[in-house]
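I opened my notebook to jot down what I looked up, chain by chain. Here is the structure I had on screen.

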Amino acid sequence: MGGFPILSLMLLVPLVGAIACLFLDARPARTVALVATLIDFVLGVVLWANYDIGGAQWQFTERTEIFAGFSYALGIDGIALMLIMLSVFLMPICIGAGWTSINKRVGEYMAAFLLMEMLMIGVFAAQDLFLFYIFFEAGLIPMYLIIGIWGGDNRIYASYKFFLYTLLGSVLMLIAMLWMVNETGTTDIPTLMVTDFAPAAQTWLWLAFFASFAVKMPMWPVHTWLPDAHVQAPTAGSVILAGVLLKMGGYGFIRFSLPMFPEASAQFAWLIYALSMVAVVVTSLIALVQNDMKKLIAYSSVAHMAIVTVGVFAFNTQGLEGSMIMMLSHGLVSGALFLAVGVIYDRLHTREIDRYGGLSINMPHYALFFLLFTMASIGLPGTSGFVAEFLSLAGIYQVSTWVALICTTGIILGAAYMLYLYRRVAFGEQKHADAAAMGDLTLREYLMMIPLALAVLWMGIYPESFLAPMRADIQALDARIARAAPESDSKPTPGKPQAAVHTVSEVGHGATPAAPEGVH
Amino acid sequence: MHPILIIVFLPLLAAIAAGLGNKQLGATTAKILTTGALFVSCVLSWPIFLGFVAGGAEASVVPVLKWVESGAMTFDWALRVDSLTAVMLVVITTVSALVHLYSWGYMDEDPDQPRFFAYLSLFTFAMLMLVTADNLVQMFFGWEGVGLASYLLIGFWFRKPSACAAAIKAFVVNRVGDLGFMLGIFGTFLVFGTTSIPEILAAAPGMAGSTIGFLGYRFDTMTVLCILLFIGAMGKSAQLGLHTWLPDAMEGPTPVSALIHAATMVTAGVFMVCRLSPMFEASPSAMAFVAVIGGATCFFAATIGCTQWDIKRVIAYSTCSQLGYMFFAAGVGAYGAAMFHLFTHAFFKALLFLGAGSVIHAMHHEQDMRYYGALRKEIPITFWTMTAGTLAITGVGIAGFVGFAGFYSKDAILEAAFGAGTQVGQFAFWMGILAALMTSFYSWRLVFLTFFGKPRWAASEHIQHALHDEHGHDAHDTHGHGHEAENAPAQEDAGHDAAHSAHAADAHEGTGGYHPHESPLVMLIPLLVLSLGAVFAGFVFQHAFVSEGTGEFWQGALVFHEHLIHAMHEVPTWVKWSPFTVMAIGFVTAWYGYIRNTEFPAAVARQLGPVYTFVFRKWMFDELYHYVFVVPAFWLGRVFWKRGDEGTINRFGPDGAAWVVARGATYAQKVQSGYLYSYALVMLLGLVAAVSWVIK
């Protein structure tokens with residue numbers, strides 16, 4: 001691509017679109033928003049196509065000094081590339097999701113989404129600490145507005161809760177960032193990623209960053225903003241919230257916490273494990289008893305994000321790659337599930353599960369998509385969710401069998417609450433005449449569902465496309481944190497081949513009773 | 001292009017075409033596509049199998065696509081063909097093709113046929129992926145894939161609440177097993193650094209005697225890995241403890257029960273243990289575990305089979321019990337015998353299920369055997385084929401001479417268990433003998449209740465329905481089947497009272513004027529073909545599976561103990577004759593109780609009282625699990641939600657903070673009084689404080 005500032009262009013397109021939307025009527029605003037997001041998607045594809053796998057760690061870099069060491073610096077590695085792809089892929093779908101259901105202040109709505117897109121790309125592309133911070137925090141504003149203006153009945157409470165939670169963590173992160181810049185004299189993220197801070201300082205810095213990322217993730221027990229935010233947000237707001245905003249926490253752990261504070265990360269790994277184990281079990285059980293579809297999926301998100309955190313803090317390649325795939329997969333799958341809820345919400349204007357039932361009869365194609373995304377959510381092999389879960393859990397098993405066991409119960413609980421949801425929505429008799437009268441997917445809805453379905457299957461059957469760009473970066477990260485990696489609790493001893501031959505032949509002869517050995 | 005690619009992927013393509021085409025494509029096209037694909041797969045599979053039987057065929061692996069590469073963990077899509085796979089290939093494709101054909105007749109009235117056939121073909125694809133897996137992860141793909149297909153097919157009549165519940169139960173209980181399987185794969189990767197099956201099996205013997213940390217304790221490495229993997233097998237193959245989903249799975253259409261819940265999917269666990277046999281050989285404890293679970297299951301399931309009234313449930317428990325035989329065979333090291341029984345069982349059990357389907361079809365979807373009777377004249381072909389299946393499952397044959405399919409495989413298993421000479425082997429042998437007695441009893445009970453005696457049809461709601469509403473066929477799928485047998489422990493009495501009152505009034509009234517019809521040809525052909533399997537599969541293939549020199553057939557695809565074969569031949573004569581003896585006792589008991597003196601079973605049930613109730617209620621597993629797992633899960637969910645999230649985190653977190661801010665604002669408001677003197681006072685105090693800080 002030479003020196004062409006493609007990343008800046010990707011920021012500029014939605015920004016220009018956003019400003020234009022502010023001054024436009026509903027119909028042209030929709031068109032402008034769709035065109036802008038599609039252009040950004042095409043630019044994203046160009047970005048991916050030109051990304052040199054195995055080339056420099058940071059590609060498409062741009063840098064303009066502004067003042068006092070603060071610079072406008074952009075650049076991506078494979079990890080950022082994948083998350084940017086996720087954002088630009090989901091955005092046109094989000095615009096489509098609000099195409100007919102949003103009729104109030106359409107221009108402002110579209111502007112908020114376009115601004116959101118710009119900020120999300122900015123977060124993943126920023127190479128300057130403060131530039132990152134600005135994008136990271138500014139992302140709150142459009143989301144706050146989306147929930148607060150176009151949300152449901154209780155939108156004010158939800159938006160305030162969302163803002164309060166996320167801002168609180170951010171303040172601590174800002175203080176930590178100021179300290180780091182003061183200490184090292186640079187705001188350059190790649191430089192900071194290879195800086196070794198004193199272990200004592202790492203502890204405090206890690207905790208400060210943790211406060212922010214844990215809320216964004218969200219980790220138990222600072223997750224309670226998520227169900228409310230999801231429930232109140234309009235469909236597209238939920239899609240982008242689950243799809244991309246939650247990924248900023250995981251991205252933060254991978255980009256900041258691990259490489260900058262490896263010792264502190266190892267020191268607090270137990271905390272992450274503990275919170276994640278609680279999250280998997282507790283939020284899955286809570287999801288089981290929900291009557292609100294969006295709340296159920298929101299709680300399931302918390303459980304899935306817990307798999308991400310254990311994967312990240314497994315300190316090995318499988319864990320890291322698994323958690324990255326989990327973020328991408330969850331972005332697609334939970335986005336798709338919220339979209340699926342939106343499709344029937346648009347028809348019946350209720351999220352209450354009991355108001356539906358038997359949708360397989362009158363909406364068979366919808367039921368098929370819903371089934372696919374349900375299966376992806378519970379990690380059926382062949383879908384993206386499996387690769388994600390399998391690698392993350394394989395990663396954590398190498399550190400702690402206990403954590404792996406508890407987190408793997410998520411596959412049972414996940415199956416229980418998702419299939420229970422699916423049964424109540426799609427199976428059974430048609431209990432309500434209005435639900436039975438709903439029509440199947442429209443062309444617009446097909447156009448949103450099909451790309452998601454294909455992406456979910458692609459990532460499940462041939463995840464190499466997504467793993468390859470990240471491989472070198474994950475390896476580099478793994479190498480950097482290897483020195484602090486926690487010890488495995490398995491520690492298998494070598495076998496005694498002599499004994500082996502002996503035992504096998506004895507069983508073969510059937511001469512001796514099978515002696516119990518080693519099992520207590 | 002290797003034929004295995006066509007065998008495996010043609011059913012997938014057919015499933016996609018039929019599933020997505022659905023209504024646009026039409027039922028006939030969908031049926032032709034899927035059934036045609038399966039027959040092609042079947043025709044291509046037999047030469048592969050016969051190639052291995054004849055000797056000379058080589059194991060091969062056909063790579064398909066890269067799957068995952070993550071650090072040291074790599075696994076690809078690939079199709080492995082060796083003798084073990086070949087056995088499964090013919091079983092799967094043959095039974096599947098016949099079940100597809102059979103479903104043309106059985107599902108003829110169903111409005112959703114394309115969906116049904118698409119699911120069947122999808123299942124076949126997943127099952128084929130399972131048995132051709134070259135690494136543990138692809139095996140897991142097939143494993144969960146068949147689980148999905150099973151879920152969809154059990155819930156095929158999704159309007160029925162019982163079918164939905166059974167579908168979820170099947171999936172979730174299987175997931176409990178899959179938890180073990182997944183942890184087993186993780187552990188195997190940790191120990192061997194690979195998920196490739198050949199590499200693991202090559203390295204496994206060298207790991208005997210190694211120890212590993214697991215959940216804070218140290219265990220024998222291979223024992224931990226094998227037991228974790230075996231927990232997966234227990235889920236899929238419905239072994240004791242994780243079996244509860246299988247009887248409920250009978251909610252699915254009967255062809256599904258024949259294909260998935262008898263012949264193929266439920267045997268995946270046995271296949272897995274055989275495939276990984278070198279791993280299990282490295283851990284005598286794990287093998288003992290397998291044998292004990294298998295022995296216990298074959299006994300326990302058989303006891304329940306003796307008491308059930310629903311024809312499909314009897315066969316379901318019978319399947320559960322027969323799977324127990326296969327597992328204890330594997331557990332004593334007789335993997336060849338386990339695979340042999342898997343092979344013969346696939347034919348005769350599919351036959352029994354399809355026969356039951358034919359009876360149900362004839363009896364207008366009545367599944368309760370108390371409302372059958374005297375059907376042998378009405379549906380003679382079904383009667384004769386089911387009799388062949390019953391002769392096969394009860395193991396009729398003369399030792400050393402000739403017999404039906406089950407005779408060869410079941411006797412081989414029992415002799416191997418005895419010949420193993422271990423305590424575990426002894427346990428398994430006696431469990432197996434007792435189960436064989438009960439197998440004979442409940443199998444003949446089924447035949448006598450269904451085909452002999454006087455007609456007891458008139459009391460059946462389904463028959464009444466048929467008589468009063470000849471055109472009510474289209475609504476049949478919404479009927480609750482088998483509910484009568486659900487919650488009434490005193491069924492023996494009730495059933496016979498009903499039956500007696502029926503023929504006390506008038507022997508001719510027992511029919512209620514209903515005329516059962518023999519099933520159409522598309523349903524009878526599969527029955528006849530499978531009957532051939534039930535009669536000859538044992539005799540023809542015994543040399544390939546269980547005899548000296550069988551090692552040549554297996555070519556190392558599973559561990560084969562030549563010694564065990566010798567031990568089998570050297571068991572005492574009474575051991576050789578005991579299966580035949582108990583089979584005869586079971587037959588005579590069934591004949592006495594259900595033909596000669598029909599008061600007898602009810603009297604026995606009364607005598608046994610609570611014991612009978614306990615067995616009739618399936619050893620109370622469903623009740624136990626309901627109160628130990630299901631109820632607490634929902635209760636905990638509500639507590640964590642209402643008391644945890646809302647009552648604690650929100651209350652002291654954001655809502656609490658908001659409360660503090662609001663209260664704070666109220667106080668601040670009071671300070672903002674507007675009086676100049678109060679502001680002046682505050683200013684003065686501030687000034688004093690600041691000055692004192694500076695001059696300190």
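I placed each charge at NZ of Lys, CZ of Arg, CG of Asp or CD of Glu.

A note on the source: this is a predicted model, in which local features need pLDDT of at least 70 and side-chain atom pairs count only at pLDDT 80 or more, while totals for chains, interfaces and linings use all residues. Residues are numbered from 1 along each chain as its sequence is written, chains are lettered from A and ligands numbered from 1 in the order in which they are written, and side-chain values use heavy atoms, with hydrogens and water left out.

**Entry: chain B**

I started with the charges of chain B: 34 positive and 45 negative, with mean positions 9 Å apart. Next I looked up the secondary structure, and chain B has 29 helices and six strands (DSSP runs numbered from the N terminus, H or I of at least four residues for helices, E of at least two for strands). Its C-alpha trace spans about 115 × 70 × 55 Å along the principal axes.

How many of the 696 residues of chain B count as buried? I got 62%, where buried means under 20% relative accessible area, exposed over 50% and partly exposed in between, using a 1.4 Å probe and protein chains only. Chain B exposes about 24,200 Å², and carbon and sulfur atoms supply 69% of that (Shrake-Rupley method, 1.4 Å probe; for residues, only the protein chains shown count as cover).

**Entry: one residue in chain B**

I then picked Ala435(B), which sits in helix 18, residues 423–451. Ala435(B) counts as buried because its relative accessibility is 0%. Which residues does it touch, leaving aside neighbours within four places in sequence? I found Cys298(B), Phe299(B), Ala302(B), Ser321(B) and Tyr325(B), with contact meaning heavy atoms within 4.5 Å. I also checked Cys164(B): 271 residues from Ala435(B) in sequence, and 32 Å away in space, C-alpha to C-alpha.

**Entry: chain A**

For chain A I noted 24 helices and two strands. Its C-alpha atoms fill a box of roughly 85 × 65 × 40 Å along the principal axes. Of its 520 residues, 67% are buried. Chain A exposes about 16,500 Å², with 68% from carbon and sulfur atoms. Its 24 positive and 33 negative charges have mean positions 9 Å apart.

Key: Lys and Arg count as positive and Asp and Glu as negative; His and the chain ends are not counted.
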